[in-house]
2 protein chains.
Amino acid sequence: MTAASSPPSGTVTTVPAKVAASSNAVEKIRRRESSRGRVIDLIRSNGPISRVELAERTGLTQATISTLVRALLTEDIVVESGRGVSTGGKPRMFLELNPAARLGVGVHLGQDYITYIIADLAGRVVARRRVDGPGDTSPLTVVSRMTRDIEALIEGSGVDRTGIVGMGIATPGPLDRTTGTVRNAPSLAAWNDFPIRRALASTTGLHCEFDNDATAAAIGEYWLGATEGYANYASVYMGSGIGSGIVMDGTIYQGVSSNVGEIGHVTVDARGLPCPCGNIGCLELYASPRVVVTRAAEAVDRGELTIPLTGVVSEDFAAVGVAAAAGDPVAVHLVRESAEYVASAVISMVNLLDLQLVVLAGSAFSTSGSFYVEIISEALSRRAMARAIHPVEVRLSVNGNDAAALGAATLVLQDRLSPRTLRSVSFA
Amino acid sequence: MTAASSPPSGTVTTVPAKVAASSNAVEKIRRRESSRGRVIDLIRSNGPISRVELAERTGLTQATISTLVRALLTEDIVVESGRGVSTGGKPRMFLELNPAARLGVGVHLGQDYITYIIADLAGRVVARRRVDGPGDTSPLTVVSRMTRDIEALIEGSGVDRTGIVGMGIATPGPLDRTTGTVRNAPSLAAWNDFPIRRALASTTGLHCEFDNDATAAAIGEYWLGATEGYANYASVYMGSGIGSGIVMDGTIYQGVSSNVGEIGHVTVDARGLPCPCGNIGCLELYASPRVVVTRAAEAVDRGELTIPLTGVVSEDFAAVGVAAAAGDPVAVHLVRESAEYVASAVISMVNLLDLQLVVLAGSAFSTSGSFYVEIISEALSRRAMARAIHPVEVRLSVNGNDAAALGAATLVLQDRLSPRTLRSVSFA
């Protein structure tokens, strides 16, 4: 082909000098802007750490690191600790996060339980309280009760109130993040259109962030450094229902209206049962803790299974998990069946999104998580489209039962301290 | 709650002056950087347009617009045309794209056909050629034939060779974009691990971009302005198989390895048939043109349907579509059944990704597209999780049969002219 000798693209790759210059400037400033969040993240996950090492790990200049660290010291977010070994010159000071300098309150309003947490900058739980779910009580009454519970938790914990940067609220979806309301969530029917974020911000006086529990759990994993090195991953959050939080190319994906990751309402049988959500053959109808518990109760009635049943879905699901872990064949069958359906939906998600990692979070995985990890891993290794190109890892959340509430607390810490690191950035 | 009188978050919202200043600077420079792409996009979709209007629509200053436009005029990408009505002062010059200034070659290597296109900056097809698919011929032989076909197309079209910025190659997935190879694509079995991008770049001398056909189609829609106003959408591309391209928060989503959007391998029946891909109950097994055509052939054998069958999937699928459009009840049933399965998988995708728009692209929709639009729209309006919060629109591609090849051409135009507008940007 004659064009080969003089590549026609040559004329176009010549970028005008002005654009090239501004491009470089952008790269520099972009780095500087996100560097605050990255420095905080590095000190959190690798402290005590020296300024020199921070410069090495971030690729930033010593001068930039010094400026950033000075601000963080002034704000008390970082403290100097000990001295490194002197190598002849001035001995190195190490930097550590001052975890107690900033605190976030996290609330998970689930169907069975309301969980309150106070977490520090290291993602450590400083105080925790769990109470019964809202049941049929009116949202206004529940909000007053929650306000008292939050006040009591702060009071009882003895933390410095001025360090609290705000509160994150996590609920099952769907929700409207712009108005701060739950919208038609099957598990919180009474809360439809109730302005939960505004109500709690007003009664507690705290700045409030609001998101669905699975997204909160995905941010919580990141905050604790459990997803380091992964840019494309999802959390699968299983409480009474099943949801998912999605991180794409390093940013939490929010979609049009933050109603992303509804993996519980991914179809696993297009000719299957009608779901209360309006769709057909949804995963939740075949795999949710509620369904497993219903089947377990039937097996108990038939005398095939002996476990204590309380009527609270999460407790009964835990009982099935305990029996399965002990090798009871009926319990094993119930858990495996659920895990196989979850695996099918996870494969659909992985095939759509080309993910590297799936983190399983939520109370449902606390007793039977290992079954799910094994079955989902095995299914992905045999059935995912891109399996020949890269593996997809499956892990249990490092946050156990607290994943959503702790995630909610990190939601507000993240938003207040390094908002650009995880949230989506668009060039509109 | 006592904290209400003095919001504890107050101490933290005080952003250090340095950070706030750099934040503002970033916003400005970020705008300037992406402005080149945005100005090109606006001139393409709204030209002839004045500098004043460009400034109004982009929010950029007159000075910035002048600088950008001067560069585009020098590069011949934009030309001045006519004069606006004088309002007393200096009459306004209008700006138009010079569509012929840059051209992209687009190649879609499909199973049934190989399509070649030369497209200009306006997304107009300057030249087109379609030949039979590769069949069992060895990739090396096919690449020589393709090289001759591309040369003949360029030669025959009479375009200015120096205007060709490169070539986009689109194939069905899975693929490895980093190495430029098709990986285990069921419809291109002979091409496994063949370095198609390197081979064609070397034989044609053209800069080559490479992506899957559905992603190319999604970029093509954007390039032609058909998705204006939508930040979160997907293409569903149906050729012989079914794929999908995903745009999230305004950027093409690439995943870990560009193997995104495999909607044809989303499970629609977790207890269903094994798929050659390794998964179970995949959409393609129930809804692909291949399956519809197989069922149609059975109906023809039984004397229930009278249509001409050629053995080429896309042609036979078109024949079923024609019969369905004419009201043949058997053909209508076959097409509706396929559309209902596609609708289920689309709902799964929409529930995971909270999309605003689904664009149906590819040859399969050229005759029976209206059935799919109607059935998928209706299903989304009744079954999507977020339907109470926002609608999800369903549309046929503006690019008809050429969606993948034209998308491939725009892939390289996009990459060379405004790479930041659509491609994903991460703050690593």
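Seven bridges link strand β5 (residues 113-120) of chain A with strand β6 (residues 125-132) of chain A, and the two run antiparallel. This is a predicted model, where local features need pLDDT of at least 70, side-chain atom pairs count only at pLDDT 80 or more, and totals for chains, interfaces and linings use all residues. Residues are numbered from 1 along each chain as its sequence is written, and chains are lettered from A and ligands numbered from 1 in the order in which they are written.

A word on terms. Strands (E, at least two residues) and helices (H or I, at least four) are DSSP runs, numbered from the N terminus. Two strands pair if DSSP finds at least two bridges between them.

Back to β5(A) and β6(A). A:Ile117 sits opposite A:Arg128 in β6(A). Four residues lie between the strands of this hairpin, and A:Gly123 there has a positive phi near 80°.

Next, strand β11 (residues 233-238) of chain A. Is it enclosed or open? Six of its six residues are buried, so the rest of the structure largely encloses β11(A). Buried means 20 or more other C-beta atoms within 10 Å of the residue's own; exposed means 12 or fewer, partly exposed is in between, and C-beta atoms are placed from the backbone. Both faces of β11(A) are covered. One side has A:Tyr233, A:Ser235 and A:Tyr237; the other has A:Ala234, A:Val236 and A:Met238.

Which strands does β11(A) pair with? One is strand β12 (residues 242-248) of chain A, antiparallel, over six bridges. A three-residue hairpin connects β11(A) to β12(A). A:Tyr233 faces A:Val247 in β12(A). Another is strand β14 (residues 357-361) of chain A, parallel, over five bridges. Here A:Tyr237 stands opposite A:Ala361 in β14(A).

Now the helices. Two packed helices are described by the angle between their axes and the distance between the axes. Axes are lines fitted to C-alpha atoms, for helices over the stretch in contact; angles run from 0 to 180 degrees between N-to-C directions.

Helix α9 (residues 289-301) of chain A packs on α10(A) at about 65°, axes 9 Å apart. The contact uses A:Pro289, A:Arg290, A:Val292, A:Val293 and A:Ala296 from α9(A), and A:Val313, A:Ser314, A:Asp316, A:Phe317 and A:Val320 from α10(A). Contact means C-beta atoms, placed from the backbone, within 7 Å.

On its other listed pairing, α10(A) meets helix α11 (residues 329-353) of chain A at about 115°, axes 7 Å apart. A:Val320, A:Gly321, A:Ala323 and A:Ala324 of α10(A) meet A:Ala331, A:Val332, A:Leu334 and A:Val335 of α11(A).

A:Ser314 lies in helix α10 (residues 313-325) of chain A. A:Ser314 is buried, with 25 other C-beta atoms within 10 Å. Neighbours within four places in sequence aside, A:Ser314 contacts A:Asp112, A:Gly239, A:Ser240, A:Pro289 and A:Ser363. Its C-alpha is 10 Å from that of A:Ser288, 26 residues away along the chain.

Over to chain B. B:Asn279 is in the loop between β13 (251-252) and α8 (284-287) of chain B. Buried or exposed? B:Asn279 is buried, with 26 other C-beta atoms within 10 Å. Leaving out neighbours within four places in sequence, B:Asn279 contacts A:Ile347, A:Arg383, B:His265 and B:Thr267.

Notes. Contact = placed C-beta atoms within 7 Å.
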